[in-house]
Amino acid sequence: MTTIRLPGADGTLRTYAPRAEPASFTTGAPLASRTVFSAAHVVADPFADISPDSPAAVDWDATLAFRRHLWAHGLGVAEAMDTAQRGMGLDWAGAAELIRRSAAEAKSAGGAIACGVGTDQLTGPATLAEVRGAYEEQLALVEGTGAQAILMASRALAAAAAGPEDYLDVYGHLLRQAAEPVILHWLGPMFDPALDGYWGSPDLDAATDTFLDVIAAHPDKVDGIKVSLLDARREVELRRRLPQGVRCYTGDDFNYPELIAGDEQGFSHALLGIFDPLGPLAADAVRALDTGDRTKFRELLDPTVELSRHLFQRPTRFYKTGVVFLAWLAGHQSHFTMVGGLQSARSLPHLARAYELADGLGLFPDPALAATRVKSLLSVYGVDQ
């Protein structure tokens, strides 16, 4: 295979030799030692004639095909989360349709699915009663499909709540209504600045106490928590304070190998955006844990952290651009277009480095196709090969 000239952050070009063969990954039954969800991206319809303020146009065939790819490797799908550009191009109407279609596909494929429940149908200032009503509408839709519910952090609640008591009231109301145990989602402000001070305080210790109070009041209605604060120490401390039977699903895309591997006092399950591009590799790593081989698990997963930290570098919320870029290079979709035009949210050097790191891990089923597609993008930017 020929070499590729890739642009660096310093403006210079470097020569990269793509690998000739992909890594080999297995498909098979769901994973046993950990519950693992991949937060999956949506595929835009590149031919939709839309304006910037139009609803998202989704390529449903390609979007559902990608979910079947994840299920085939034994992963669960976390649907309509922030990786699916929820609140960043995908509105509630689009998310509702995504949930309905994916839940039906999960039943057909026999795959695990959990879906995000939020308040994004509220487009302006809202009262606490309106926030509760929005959550209730979405919870009813998700549970009506047979999917597990993930109670997502709400921008509207963050804006309306006067303090911790309002969070206790809203979440308590929802948990009493939930038909089955849910996953609670704490998304940090690095992923969404509008969520700063969630749980009623910018002090994370105080916020953690309120979060745990919500769980302690209804432990039978909480399957687990998803924590996305990018702070491994805090996650470990939090999971050690959880009631018996309540799981911790790491959402830490910087420190996931050590958190999933765990220690003598426990471990985290996973609900991760980085497991979208890493799906097959991540599944093989967890299968090593299924056999008790922690060393192989770390040998497989530790080298992926550099790619993950690159994709999730600040501004972290734009990690979706790199995720979709890698899906295009891997052949999961025919184009590099995103709902809301977010393909422009990362620089060419950033994307070039993402390609280099992913290729080094053997993530592309057809390295020659990935190289050809990278070259086509580079040519648009005036990089001659």
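**View 1. Parallel pairing of strands β3 and β4 in a predicted model**. Strand β3 (residues 36–39) and strand β4 pair in the parallel sense over three bridges, where two strands count as paired if DSSP finds at least two bridges between them. Helices (H or I, at least four residues) and strands (E, at least two) are DSSP runs, numbered from the N terminus. Within this pairing, F37 stands opposite G76 in β4. Between β3 and β4 the chain passes through helix α1 (residues 60–72), and this β-α-β crossover is right-handed, which means that, with the strands pointing away from the viewer, the path from the first strand over the helix to the second runs clockwise.

**View 2. The residues of strand β4 and its pairing with β5**. In β4 (residues 76–79), G76 and A78 point one way while V77 and E79 point the other way, and all are buried, that is, under 20% relative accessible area, with exposed meaning over 50% and partly exposed in between (1.4 Å probe, protein chains only). Three bridges join β4 to strand β5 (residues 113–117) in the parallel sense, and V77 stands opposite I113 in β5. Together with helix α2 (residues 92–109), β4 and β5 make a right-handed β-α-β unit.

**View 3. The hairpin of strands β1 and β2**. Strands β1 (residues 4–7) and β2 (residues 13–16) run antiparallel and are joined by four bridges, with T15 in β2 as the bridge partner of R5. Five residues lie between the two strands of this hairpin, and G11 in the turn has a positive phi of about 90 degrees.

**Notes.** Residues are numbered from 1 along each chain as its sequence is written, and side-chain values use heavy atoms, leaving out hydrogens and water. In this predicted model, local features need pLDDT of at least 70 and side-chain atom pairs count only at pLDDT 80 or more, whereas totals for chains, interfaces and linings use all residues.
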